[in-house]
Structure formats: structure tokens, C-alpha cells
Amino acid sequence: MALQSLDIERRSATTTPSPSQRQTMEVAKLIDVTTCIGCKACQVACMEWNDVRDEIGENVGVYDNPPDLSGASWTVMRYSEVEQDGKLEWLIRKDGCMHCADPGCLKACPAPGAIIQYANGIVDFHEENCIGCGYCITGCPFNVPRLSKKDGKAYKCTLCSDRVAVGMEPACIKSCPTGALQFGSKERMKQYAEERLVDLRSRGFEKAGLYDPPGVGGTHVMYVLHHADQPELYAKLPANPHISPMVKLWKGISKPAAAAALGLVVLGGLYHLVTRGRNEVSKENEKAAEKEKES
Amino acid sequence: MSHDPNMLQRYSAPERINHWVVAICFVLLALSGLALFHPVFWPLTDLLGGGTWTRIIHPYIGFLMSLSFIGLFTRFRPHNRMTSNDKEWLMHMGEVLKGEEGKLPEQGKFNAGQKLVFKSAAILLVLLLISGLVIWRAYYSLPVDLVRIAVVVHAASATLLIAIILVHIYAAIWVKDTFRAMGSGKVSRAWARQHHRAWYRDMTGK
């Protein structure tokens with residue numbers, strides 16, 4: 001953590017600048033869904049490297065296994081059977097944290113230092129500071145963080161920040177047998193995606209494109225999609241993800257506004273007390289009450 | 001305790017205890033809620049034993065407060081109905097703030113300001129309880145769009161309620177000897193005659 005602490009872009013529930021003197025390269029993971037075969041090696045690699053084991057579940061009738069992200073499953077393959085131009089297509093998307101440039105989880109988090117965005121773009125949860133409120137889930141436009149049933153803390157993909165910090169690529173990248181997972185500088189990943197898109201378009205996927213949604217400032221996990229015009233086809237990947245206006249209101253203007261309003265109420269009371277003095281029982285009332293008691 | 005002929009009984013012991021249970025819950029909820037709302041208040045989480053304890057306990061204190069407020073609500077509701085006198089009173093905020101009670105319509109057990117505190121607290125607590133249940137993730141998770149509305153409702157109603165209770169507390173500080181009413185339960189006849197004349201008449205027949 002010592003080195004990384006010098007490369008922090010943003011820190012949850014912190015109103016002053018974070019240590020950001022060092023400029024580091026932005027990294028990105030590129031998921032080429034067009035070459036993914038759904039083998040789940042990445043899921044296994046993730047479990048192995050991070051030492052997480054989900055509970056043994058039940059077969060839910062489809063390939064999705066485990067059926068959803070959880071405190072112990074930080075990446076899952078989502079399989080969608082869709083019809084395009086009268087043909088069946090089996091779309092497979094590796095789901096997990098997108099590492100947004102403008103992370104909704106970090107914006108929503110009330111615990112200082114529980115969510116860190118590094119200068120390289122990785123958004124990391126520091127569970128020792130997490131209080132388990134689940135506000136990150138409320139803030140996330142991609143429905144990714146999960147509260148662990150074991151310890152009540154929130155977990156998600158770290159983009160193997162520990163490996164990346166020492167110059168290695170994430171565990172999932174290492175395990176991919178088809179090269180559908182690539183990792184490098186964000187710039188390099190965009191170039192690589194461009195090459196893939198040229199190939200895809202030449203093979204009839206005219207709407208092929210890169211998914212790097214601007215609504216969240218771009219992401220550090222990007223997809224190459226054959227149908228970039230319909231991202232929802234891929235297990236409801238949002239077409240235009242953005243931080244909800246409700247979350248922006250809650251974590252934006254309302255924070256200073258409410259604090260200022262309450263401060264003004266207190267100051268107003270103090271001003272009133274100092275200028276008016278206390279409202280005491282008058283002599284006339286004392287006398288009248290005394291008289292009325294006796295009569 | 002001997003009976004002091006100068007004093008009038010304003011609140012019974014159960015009423016006072018009920019009030020202070022609600023009050024203690026409110027203070028803990030307000031401070032822990034603020035701690036989770038704005039980083040500037042984060043150190044207040046230490047009050048309940050740290051961030052995680054604050055997250056765990058806050059909802060249960062909320063339940064306790066809701067429950068005990070039902071008691072307060074039933075006890076004080078009969079005295080909190082708005083009258084035409086009250087509307088008149090509210091129209092003369094200038095005199096109210098100057099403490100010129102002689103120029104104001106006579107007030108019963110509760111003045112119009114107190115009645116507004118009572119009504120708004122009841123409404124805001126219902127909003128806080130419902131939105132709080134929606135935000136809570138200890139045992140279940142509700143649809144995220146609903147949660148996103150609830151967090152805004154919770155924050156807004158909490159801010160409003162804290163502001164109202166600050167005014168409530170200030171009023172008790174400003175109007176001298178008011179604290180006795182929720183302390184020993186008794187107020188002086190003169191206090192009652194000045195601040196709650198109609199109630200004073202009811203109590204003394206004068």
C-alpha cells in the first residue's frame with residue numbers, strides 16, 4: 001500500500017485532495033466478447049489469486065454459474081441467447097467491476113478511505129475501512145458491488161490492484177485461452193480494440209464497436225461488442241450508464257446545503273438569545289398568579 | 001415530594017420518561033446519521049463505537065424511536081389540534097420572537113409553534129421510518145431505483161427534522177424555566193399564566 005498511497009486520484013468521503021503527485025499510466029482491461037468462448041477460466045483464476053471461494057450453489061438451468069456476483073464471486077460469465085437477423089446468437093459477457101473514471105460507488109461511500117481510485121484508474125475497495133452500509137451498491141450504475149454474507153463488507157473486482165502495482169497483469173488475463181482478455185495501458189487497449197473492430201466489420205458485424213461509456217467518464221474495463229448499438233443484448237449491459245441524478249443530489253449539493261442550513265439554525269438561535277435575552281416571567285404575571293392563587 | 005401550591009403539574013412521570021426516551025434516541029440518530037451523511041461529521045461515528053457499529057445500531061435506534069414516538073403521539077395528540085387562535089398566533093411571528101405574549105392570542109397546553117413541531121415530527125418520522133427501511137441492507141435488498149429515492153427522502157426529512165428539533169430545544173432554553181416541565185414535571189403558576197394562559201385557566205379555574 002505504501003507506493004500506491006502516492007498515486008491516489010480520489011478517496012471516498014474525503015473533501016481534501018489525495019496524494020496525487022506521481023503521474024502514472026492509465027491501465028485498462030479489454031474484454032473482447034467476440035472471441036470469448038465462455039470457458040470461465042477467468043472466474044477460476046480470480047478465485048485462485050484472490051483466495052475467494054463461493055458457496056457451492058445449484059444448477060439454475062443455464063450456463064451461468066455462479067448465477068450472480070457475490071461477496072466471493074467478483075467476476076461471472078453471463079450467457080445470453082438472442083436472435084439477430086433471424087439467427088441465434090450466444091453472447092457471452094464477463095461481468096464485473098467496470099472501474100469507472102467517475103465511480104458512483106466512491107461518490108456514495110460514507111466511510112473515508114473505504115473506496116480508493118488510483119491514478120492508474122483502478123477503483124479499489126479497502127474493506128478494513130468499509131462499514132457495510134451498501135451505499136456503493138446504491139451508487140453503482142452497473143450493479144456490481146455485493147455485501148459479503150460472511151463479514152458484512154462490500155466486495156468486487158480489484159482489477160488485481162496488488163498484481164498491477166508490481167507490474168503484473170490481472171489473474172483473469174493470465175488465464176484466458178483465446179486472448180479475449182487483454183490488459184495494458186488504456187491507450188494501447190483502445191488501439192488494440194480498433195484493430196479488432198476492423199476485422200469484425202470486414203466480417204459483416206457493421207455495428208461492432210468499443211464499449212467505453214462516456215456517461216461515467218469512460219471505464220477501465222472495456223468491451224469489444226459485435227452489436228455495440230445494442231449493449232442491452234449482453235445480459236442487460238446498460239446503453240448509457242451514468243450516476244443516477246438521485247445519487248448526485250444526495251451526495252452533491254445536499255451535503256453542504258444541509259450542513260449550512262443546520263449551522264444557520266444554530267447561529268440564528270444564538271443571535272436571538274444574545275439580542276433578545278431570555279423570555280422570563282414578568283413581575284405582573286408573578287403578582288397576578290400569586291393573587292389568583294389566594295382568591 | 002410535598003405539594004407546592006405555587007406549582008402546577010404539567011407532565012406526568014410516564015410522559016416525561018416517554019419524552020426523554022424519544023429525545024435520547026433522536027440525539028443518537030441525528031449524530032450518527034450526520035456522521036454517515038457528510039464526511040465533516042464522520043468523527044461522530046466514534047460515539048456509537050466506530051463506523052461499522054454506527055451502521056449496525058442506527059436502524060435499531062430508529063425502531064426504538066418510532067415505537068416510543070407512538071406513545072408520545074397518543075399522549076399529546078388531544079392537546080395538539082390547531083385552532084383559529086393558533087392561526088392568529090402564527091400570523092404574529094414578530095411578537096412571538098420578541099416574547100410579547102400579551103399581544104398574542106391565549107395559548108392552551110401547547111402553543112401553535114409546539115403544535116407545528118408535534119405535527120411535523122410525526123410526518124417526518126413516518127417518512128424517515130419508511131425510507132430507512134428501504135435503505136437498510138442488513139437482511140434484504142430492495143430495487144436500486146427505490147433505494148436511490150429513499151436515500152434522498154431520508155436525508156431531506158432528517159435535515160428538516162434536525163432543524164425543527166434545534167428550534168424546539170432553543171425554545172426551551174429561551175423561555176426561562178421551561179426545562180422544569182420536562183424535568184420535575186411541574187411549572188410555576190406564573191410561568192403558566194404568562195406562556196399558556198388558556199391552559200392556566202383550565203388548571204386553576206381563573
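This is a predicted model: local features need pLDDT of at least 70, side-chain atom pairs count only at pLDDT 80 or more; totals for chains, interfaces and linings use all residues.

Reply: A residue is called buried here if 20 or more other C-beta atoms lie within 10 Å of its own, with C-beta atoms placed from the backbone. Because five of the five residues of E11(A) are buried, the strand is largely enclosed by the rest of the structure.

E11(A) belongs to an open sheet of four strands in the order E9-E2-E11-E10 (chain A), with mixed pairing. Strands of a sheet pair through backbone hydrogen bonds, in either a parallel or an antiparallel manner. E11(A) and E2(A) run parallel and are joined by four bridges; within this pairing, Tyr223(A) of E11(A) is the bridge partner of Ile31(A). E10(A) and E11(A) run antiparallel and are joined by three bridges, and Leu210(A) stands opposite Val224(A) of E11(A).

The sheet has two edge strands, E9 (181-185) and E10 (209-211) of chain A, each of which pairs on one side only. Strand E2 (residues 27-32) of chain A is joined to E9(A) by five bridges, and these two strands run antiparallel. There, Ser185(A) in E9(A) is the bridge partner of Val27(A). On average, neighbouring strands of the sheet are turned by 25 degrees against each other, direction ignored.

Met222(A) is among the five residues that touch the most other members of the largest nonpolar core, which has 95 residues; the others are Cys105(A), Cys109(A), Ile115(A) and Cys136(A). The largest share of this core, nine residues, is given by helix H1 (residues 13-37) of chain B. A second, separate core has 11 residues, including Val281(A), Ala289(A), Val187(B) and Ala190(B). As for Cys105(A), its contacts beyond four places in sequence are Ile115(A), Val123(A), Cys136(A), Gly139(A), Cys140(A) and Pro145(A).

The two chains also meet directly: 38 residues of chain B are in contact with 42 residues of chain A. On the side of chain B that touches chain A, H6(B) gives the most, with 14 residues. By class, that side has 22 nonpolar, eight polar and eight charged residues.

Helix H8 (residues 254-276) of chain A takes part in a helix pair with H6(B): their axes come within 10 Å and cross at roughly 10 degrees. Angles under 35 degrees count as roughly parallel, and H8(A) and H6(B) are therefore roughly parallel to each other. Among the residues that make the contact are Leu262(A), Val265(A) and Val266(A) of H8(A) and Ile162(B), Leu166(B) and Val167(B) of H6(B). By class, this contact has 13 nonpolar, three polar and no charged residues.

Chain B itself has nine helices and two strands, and buried residues make up 31% of its 206 residues.

Methods:
Residues are numbered from 1 along each chain as its sequence is written. Chains are lettered from A and ligands numbered from 1 in the order in which they are written. A nonpolar core is a set of buried Ala, Val, Leu, Ile, Met, Phe, Trp, Tyr and Cys residues joined through C-beta atoms within 7 Å. A residue is buried if 20 or more other C-beta atoms lie within 10 Å of its own, exposed if 12 or fewer, and partly exposed in between; C-beta atoms are placed from the backbone. Two residues are in contact if their C-beta atoms, placed from the backbone, lie within 7 Å. Ala, Val, Leu, Ile, Met, Phe, Trp, Tyr, Cys and Pro count as nonpolar, Asp, Glu, Lys and Arg as charged, and the others, Gly among them, as polar. Axes are lines fitted to C-alpha atoms, for helices over the stretch in contact, and angles run from 0 to 180 degrees between N-to-C directions. Angles under 35 degrees count as roughly parallel, over 145 as roughly antiparallel, 65 to 115 as roughly perpendicular and the rest as oblique. Two strands pair if DSSP finds at least two bridges between them.
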